[in-house]
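Subject: Handover of a structure and summary of findings

Dear colleague,

Please find below the structure that I am handing over to you. I would be grateful if you would read the notes after it with the structure open.

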Amino acid sequence: MKRLAFILIVLIISTGKIFAQTPAADRVLGNWLNAEKDARIEIYKTGNKYYGKIIWGKNIFNPDGSSRTDRKNPDEKLKSRLLLNLVILTNFTYDDGEWNGGKIYDPKSGKTYSCFMKLDGSNLKIKGYIGITLLGRTTIWTRG
């Protein structure tokens, strides 16, 4: 009986350590709803970079169920890309509580912006900008 209790205690302690060791940089991983709640973006990691792709959207499907394409893209060669699984967050690195150095693509306008992200409680604050951060817009995404 003492042996069983010991095994259970060790198991509980080691499980707690596994969860506690999640790096701060990886807290951004998972699914997020955009501010308008009309798209769900999965943020994932490849190597030491973070990316995000559209995994659901209210207006990304045609009436026949097929995925709409990236028709607003200014590059003719990219207009045929499907919106479903379209990577819209690229090349972010984590540094001192922020994910920065990346780009965000807006398929609604076809524009790409420099961007940084920061967790604000349980929300993700995203700022897209052109040139300097003062010339930008902040949006808040929620877990979803």
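The model is a predicted one, in which local features need pLDDT of at least 70 and side-chain atom pairs count only at pLDDT 80 or more, while totals for chains, interfaces and linings use all residues. Residues are numbered from 1 along each chain as its sequence is written, and side-chain values use heavy atoms, with hydrogens and water left out.

Overall architecture

The protein contains one helix and eight strands; these are DSSP runs, H or I of at least four residues for helices and E of at least two for strands, numbered from the N terminus. Along the sequence the order is α-β-β-β-β-β-β-β-β. Of the 144 residues, 27% are buried, where buried means under 20% relative accessible area, exposed over 50%, and partly exposed in between, with a 1.4 Å probe and protein chains only. The accessible surface is about 9300 Å², and carbon and sulfur atoms hold 58% of that surface; areas come from the Shrake-Rupley method with a 1.4 Å probe, and for residues only the protein chains shown count as cover. Among contacts (heavy atoms within 4.5 Å) with a separation of 6 or more, 38% join residues 24 or more positions apart.

Nonpolar core

A nonpolar core is here a set of buried Ala, Val, Leu, Ile, Met, Phe, Trp, Tyr and Cys residues joined through side-chain atoms within 4.5 Å. The largest such core has 23 residues, and Leu89, Met117, Leu124 and Trp141 touch the most other members. At least two residues of this core come from each of strands S2 (39-46), S3 (49-57), S4 (87-95), S5 (98-106), S6 (111-120) and S7 (123-129). Leaving out residues up to four places away in sequence, Leu124 touches Val28, Trp32, Ile43, Met117, Lys118, Leu119, Thr139, Ile140 and Trp141.

The loop between S3 and S4

Asp70 lies in the loop between S3 and S4. Asp70 counts as buried because its relative accessible area is 0%. Its side chain makes a polar contact with the side chain of Arg81 at 2.7 Å; a polar contact is a pair of N or O atoms within 3.5 Å, where within protein one must be able to donate a hydrogen and the other to accept it, and residues adjacent in sequence count only if both atoms are side-chain atoms. The side chain of Asp70 also makes a polar contact with the side chain of Asn73, at 2.9 Å.

Asn73 is placed in the loop between S3 and S4 and is buried, with a relative accessible area of 4%. Beyond four places in sequence, Asn73 touches Leu78, Lys79, Arg81, Tyr105 and Gly110. With the same exclusion, the contacts of Asp70 are Leu78, Lys79, Arg81, Leu83, Leu86, Tyr105 and Pro107.

Leu83 is found in the loop between S3 and S4, and its relative accessibility of 11% makes this residue buried. From Asn59 to Leu83 the C-alpha distance is 9.4 Å, at a sequence separation of 24 residues.

Positive phi angles

Most residues other than glycine have a negative phi. Lys37 has a positive phi near 60 degrees; this residue is in the loop between strand S1 (30-33) and S2 and is partly exposed, at 37% relative accessibility. Asn91 likewise has a positive phi near 60 degrees, but its place is in strand S4. With a relative accessible area of 36%, Asn91 is partly exposed.

Largest pocket

The volume of the largest pocket is about 780 Å³. On a 1 Å grid over the protein atoms alone, a pocket is an open set of points where a 1.4 Å probe fits, with protein on both sides within 12 Å along at least five of seven lines, and lining residues have an atom within 4 Å of a point. Grid points are joined across faces, edges and corners, and the volume is the space filled by probe spheres set on the points. The lining consists of 34 residues, and Asn34, Tyr105, Asp106, Pro107 and Lys108 lie nearest the centre of the pocket. S2, S3, S5, S7 and strand S8 (136-143) each contribute at least two lining residues.

Yours sincerely
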